[in-house]
Amino acid sequence: MPTARLGGSKTEVTALGFGAAVIAGLYRPVDEETASATVQAAWDAGIRYFDTAPHYGLGLSERRLGDALRDRPRGEYTVSTKVGRLLEPYDGDDAPADDLAHGFAVPATHRRVWDFSADGVRRSIEESLTRLGLDRIDLALLHDPDDHEEQAFREAYPALDRLRAEGVVGAIGAGMNQSAMLARFVTDTDVDAVLCAGRYTLLEQPALGDLLPAAEARGKSVVIGGVFNSGLLADPKPGATYDYAAAPAELLDRALRMREITESYGVPLRAAALAFPFGHPAVANILLGARTGAQVEDAVTLHAHPVPAALWQELKAAGLLSAEVPTPCE
């Protein structure tokens, strides 16, 4: 599988990455055996970039990913995790029964505490290293600092910069569901890469107005998550989700029109959605979550599916993509 280096760092990622939130019980439980087999399937498919976070399953994602990778040669894979949420044990009987309020079907053993202080960043990395069983983090990302912008720039980013200089982390950046603040990280700091979820997809491209031009100009890399917009581009139908809520009628209609065009070329809509972000030179990787090995294999097959240039041209002619949007094959 093709690889790319993140910005000016030595950290490399494969074109497809494995998002490890799902194996931590996202929305419904996943047992240990299934989680391990899913990571194994990703490895067998040639995926060597794995993304996790303390937030995912209250540390379960990091522990499971670390267990699954423990016997692999350390120099052959890249792991990213995130900072900004510390995990604090519940005291007494105040814990809820489970963590489904935050999306994870796991026991609520801990609460999340927002912390973008320098000490909080260092503590978060130390705890992640313990859960993962690793001696270093390849890519450390500030996780959703939307409501903590100034502290993230004033304290958290410099702390990550110091950890990078110490060799505790290989590359640094931020991961968010918006593009504007990520563009500020790219222009105002020396991050290596950013993770942009849901804002550069076949359905919508706000990142093309700020983040992607800035990243290209400064030689920074962008990892793209949420290429299916939480489900709408995976299977557009009434009741399909967009940004984790029911899709508005006009977006559902656009997705259905896109599918009609892609399928007229023998291309599944999901394959076109996976191919699309790589039309921009700043995009280094697409992250995909998977619950089972079969889902991993399906994603890899879709990623390899040819998408003819005429398909992109027809989407633009139909007004479903702007004429200025870069597409693969151009």
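Residues are numbered from 1 along each chain as its sequence is written, and side-chain values use heavy atoms, with hydrogens and water left out. Because the model is predicted, local features need pLDDT of at least 70 and side-chain atom pairs count only at pLDDT 80 or more, while totals for chains, interfaces and linings use all residues. Helices (H or I, at least four residues) and strands (E, at least two) are DSSP runs, numbered from the N terminus.

**Helix pairs**

- Helix α1 (residues 32-44) and helix α2 (residues 60-69) pack at an angle of about 60 degrees with their axes 10 Å apart, the axes being lines fitted to C-alpha atoms over the stretch in contact and the angles running from 0 to 180 degrees between N-to-C directions.
- The two helices α1 and α2 are therefore oblique to each other, given that angles under 35 degrees count as roughly parallel, over 145 as roughly antiparallel, 65 to 115 as roughly perpendicular and the rest as oblique.
- α1 passes α2 in a right-handed crossing, a term for the near helix being turned clockwise from the far one by less than a right angle.
- Helix α3 (residues 118-132) packs with α4 at an angle of about 45 degrees, their axes lying 8 Å apart, and this pair is therefore oblique as well, with a right-handed crossing.
- On the α3 side, A118, V121, R122 and I125 meet E155, A156, A159, L160, R162, L163 and E166 of α4.

**Helix α5 and the cysteines**

- In helix α5 (residues 180-188), the buried residues are M181, L182, A183, F185 and V186, and they pack against β10 (137-143), α4, β11 (169-176), β12 (193-197) and α6 (211-218).
- C196 counts as buried at 0% relative accessibility, whereas C329 is exposed with a relative accessible area of 56%, buried being under 20%, exposed over 50% and partly exposed in between (1.4 Å probe, protein chains only).

Key: Contact means heavy atoms within 4.5 Å.
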